[in-house]
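Subject: Model for you to look at

Hi,

Here is the model I promised to pass on. Have a look at it first, and then read my notes below.

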Amino acid sequence: MAMAALRREGRRFAVPLISPLRSSLAPSEYETMEQAVSGVRSISTQIVRNRMKSVKNIQKITKAMKMVAASKLRAIQTRAEKSRGIWQPFTALLGDTPSVDVKKNVIVTVSSDKGLCGGINSTSVKISRGLYKINSGPEKESKYVILGEKAKAQLVRDSKKHIELSITELQKNPLNYTQVAVLADDILKNVEYDALRIVFNKFQSVVSFQPTTTTVLSPEVVEREAEAGGKLGELDSYEIEGGETKSEVLQNLTEFQFSCVMFNAVLENACSEQGARMSAMDSSSRNAGEMLDRLTLTYNRTRQASITTELTEIISGASALQG
């Protein structure tokens, strides 16, 4: 009897409040009004449900991005490993002398065009800035050549006037040696250098990469260092065939060395980018799963508290009617 009377009282007060507004409100506004009449607790559970839905969608995106990065990594890794054999003979012949003291230094920073790949781009930029400070002085000149949008966005803030050349969207299409050779030729034509210092991330595994710097000297510096002795002094023991002079041979060797080193550097950095993106997306997916577990627990507790409160109010109302 008491429960029936309570339901009749509730219908008598609730129906006139909602029905006149149904025709004048949009569906979403009507649902919000209905929730407001029924209580604030239903709105809080709806907010939690919306949040859970957003986290699930983000988790789907991060998992998909991880799969895409894995497929790209498999395609690039083989090419990067094969490209290592191209520049290694140059290192055996001309050496790699990062401590060489020259007047004109050009720092070639290789980075990615897209983000969400951890800190590989920040690492390359930090090393480039360190090389710039080491090779700067009253009688020295250092310039930047930037490959990739991310390094450009960071270096343009404090070193805009020192950027000699900037190239973006390098990885828009699958890279081959011909494209990189044309790119290397453009760099050599547009900058004056005594030493080119290429900064990139060498791929080791999916979860690790090694920041690397490779130095390519100009023909004049190579000839000077060869005359001074040391490892480059062994060049005089080679015989030159054909009508080319020693200077012409060194010019061709250094240009070819730079294009080979650039080709390997771009591929190694692309592998490191995809591996870092896989790790970042995997971490994001796990974090989304943990957040979803916490939101589910919050939702269940809120819903349980709402049900308990409604039952308490019904029992209290019934007791009041009986009294």
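Let me start with confidence: in the protein chain, helix α1 (residues 2-22) does worst, with a mean pLDDT of 40, while β1 has the highest value, 95. In case you want the scale, pLDDT is the predictor's confidence in each residue, from 0 to 100. The average for the protein chain is 82, and 83% of the residues score at least 70. Over residues 1-42 pLDDT stays under 50, and the model has 25 contacts for that stretch beyond four places in sequence (contact means heavy atoms within 4.5 Å). Where pLDDT is low, the predicted coordinates should not be read in detail.

Two bits of housekeeping. Residues are numbered from 1 along each chain as its sequence is written, and side-chain values use heavy atoms, with hydrogens and water left out. This is a predicted model, so local features need pLDDT of at least 70 and side-chain atom pairs count only at pLDDT 80 or more, whereas totals for chains, interfaces and linings use all residues.

Now the overall layout. The protein chain has eight helices and five strands, where helices (H or I, at least four residues) and strands (E, at least two) are DSSP runs numbered from the N terminus. Reading from the N terminus, the order is α-α-α-β-α-β-α-β-α-β-β-α-α. Of the 323 residues, 35% count as buried; here buried means under 20% relative accessible area, exposed over 50%, and partly exposed in between (1.4 Å probe, protein chains only). The chain exposes about 18,800 Å², with carbon and sulfur atoms supplying 55% of it; the areas come from the Shrake-Rupley method with a 1.4 Å probe, and for residues only the protein chains shown count as cover. If you take contacts between residues at least 6 apart in sequence, 75% of them join residues at least 24 apart.

Helix α4 (residues 120-134) has 15 residues and reaches 21 Å from first C-alpha to last, close to the 21 Å expected at 1.5 Å a residue (the expected span is 1.5 Å times one less than the number of residues). Its buried residues are I120, N121, S124, V125, S128, L131 and Y132. They cover an arc of only 135° around the axis, which puts them on the same side of α4; the arc is that of the directions from the helix axis to the C-beta atoms. On the other side of α4 you will find K126, K133 and I134 exposed. The cover over the buried residues of α4 includes β1 (104-110), β2 (141-147), α5 (149-155), β4 (195-205), β5 (208-217) and α8 (246-322).

And α6? This helix has 14 residues and spans 20 Å from its first C-alpha to its last, close to the expected 20 Å at 1.5 Å a residue. V180, L183, A184, I187 and L188 are the buried residues of α6. Their arc around the axis is only 140°, which puts them on the same side of α6. T178 and K189, on the other side of α6, are exposed. Among the elements covering the buried residues of α6 are β2, β3 (163-167), β4 and α8.

Next, the aromatics: the structure holds four aromatic pairs. Rings of Phe, Tyr and Trp (its six-membered ring) pair if their centres lie within 6.5 Å; planes under 30 degrees apart count as stacked, over 60 as edge-to-face and the rest as tilted. F90 and F256 have ring centres 5.2 Å apart and planes at 80°, so the pair is edge-to-face. Since F90 lies in helix α3 (residues 40-94) and F256 in helix α8, the pair ties together parts that are 166 residues apart in sequence. F90 is buried, at 9% relative accessibility, and F256 is partly exposed, at 41%. Y177 and F263 also make an edge-to-face pair, 5.7 Å centre to centre with 90° between the planes. Here Y177 lies in helix α6 (residues 177-190) and F263 in helix α8, so the pair ties together parts 86 residues apart in sequence. F90, Y177, F256 and F263 form one aromatic cluster.

Beyond its neighbours within four places in sequence, T214 contacts D96, L196, R197, I198, F200 and V261.

Cheers
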